[in-house]
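The points are grouped by topic.

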Amino acid sequence: MAKKFYAYLLLDGNISGIVNSWDECKNLVHGRKARYKGFGSEKDALEWLDNGAEYEKKAEKKKEVQEILPNAIYFDSGTGRGIGVEVRVSGADGNSLLHFNSYGYQVNEFGNIHLGKSKTNNYGELLGLYLAIDIAQQCNCTHILGDSNLVIYYWSRGMCNKSTLPDETVELIEKVVEARKRFEKNGGIVKYISGDYNPADLGFHK
């Protein structure tokens, strides 16, 4: 019989891991708010956890915004120019707002922050939200929208498997979690918008 791997995420304690039997998994998740899934390889199980332990059909996705909100701030990350990861934060008109960032990040000729090829696109999305919150607070803007399910629904809420992520990513996750808490405590709203509508979109084909 092929070996099976069971990945689990305990939502109440933000604890995740992988075990080798259903009985072990069942004992861990029984009576608790959790997500879990079986895989044929440990690599696939780790990837599922790293992506937020998200089931294919998630009701929360139905809440996505499908129109451009005129007074919102938008963020995205992409590799469309072939020079590595770039981050963009814009208004509804698509114009960059990154020159307002208070963290000292330099903006390139395209109005983006260039992270290069050593960073992942997910890291870029995370930084995008961090900068969007910073800029929104300066502009007294209450709505931030982006097209990363992983960052909006999981990482920015502290839901991640830290043992499988680079230290730099974990450190940024912790900063974003605190920044989002402060932003939302003051009436701010962070929502998902499809990349088809996102004015800040830096997709692979741009």
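The model is predicted. Five strands make up an open sheet with mixed pairing, in the order S6-S5-S4-S7-S8. The edges are strand S6 (113–116) and strand S8 (189–192), each of which pairs on one side only. On average, neighbouring strands of this sheet are turned by 20° against each other, direction ignored.

**Strand pairing**
- Strands of a sheet pair through backbone hydrogen bonds, in either a parallel or an antiparallel way.
- Strand S5 (residues 85–90) is antiparallel to S6, and the two pair over three bridges.
- Glu-86 has His-114 of S6 standing opposite.

**Helices on the sheet**
- Helix H3 (residues 121–139) lies across S5, S6 and S8, as well as strand S4 (73–78) and strand S7 (143–146).
- The angle at which H3 runs to S4 is about 160°.
- Helix H5 (residues 167–185) also packs on the sheet, where it touches S7 and S8.
- The direction of H5 makes about 115° with that of S8.

**Nonpolar cores**
- The largest nonpolar core contains 47 residues.
- Ile-73, Val-89, Leu-129, Ile-144 and Trp-155 have the most contacts inside this core.
- H3 supplies the largest share of the core, ten residues.
- Leaving aside neighbours within four places in sequence, Ile-144 is in contact with residues including Ile-73, Phe-75, Leu-129, Ala-132, Ile-133, Phe-183 and Val-190.
- Another core, of seven residues, lies apart from the largest one and has Tyr-6, Tyr-8, Val-19 and Ala-34 among them.

Technical notes: Residues are numbered from 1 along each chain as its sequence is written. This is a predicted model: local features need pLDDT of at least 70, side-chain atom pairs count only at pLDDT 80 or more; totals for chains, interfaces and linings use all residues. Side-chain values use heavy atoms; hydrogens and water are left out. Two strands pair if DSSP finds at least two bridges between them. Helices (H or I, at least four residues) and strands (E, at least two) are DSSP runs, numbered from the N terminus. Axes are lines fitted to C-alpha atoms, for helices over the stretch in contact, and angles run from 0 to 180 degrees between N-to-C directions. Contact means heavy atoms within 4.5 Å. A nonpolar core is a set of buried Ala, Val, Leu, Ile, Met, Phe, Trp, Tyr and Cys residues joined through side-chain atoms within 4.5 Å. Buried means under 20% relative accessible area, exposed over 50%, partly exposed in between (1.4 Å probe, protein chains only).
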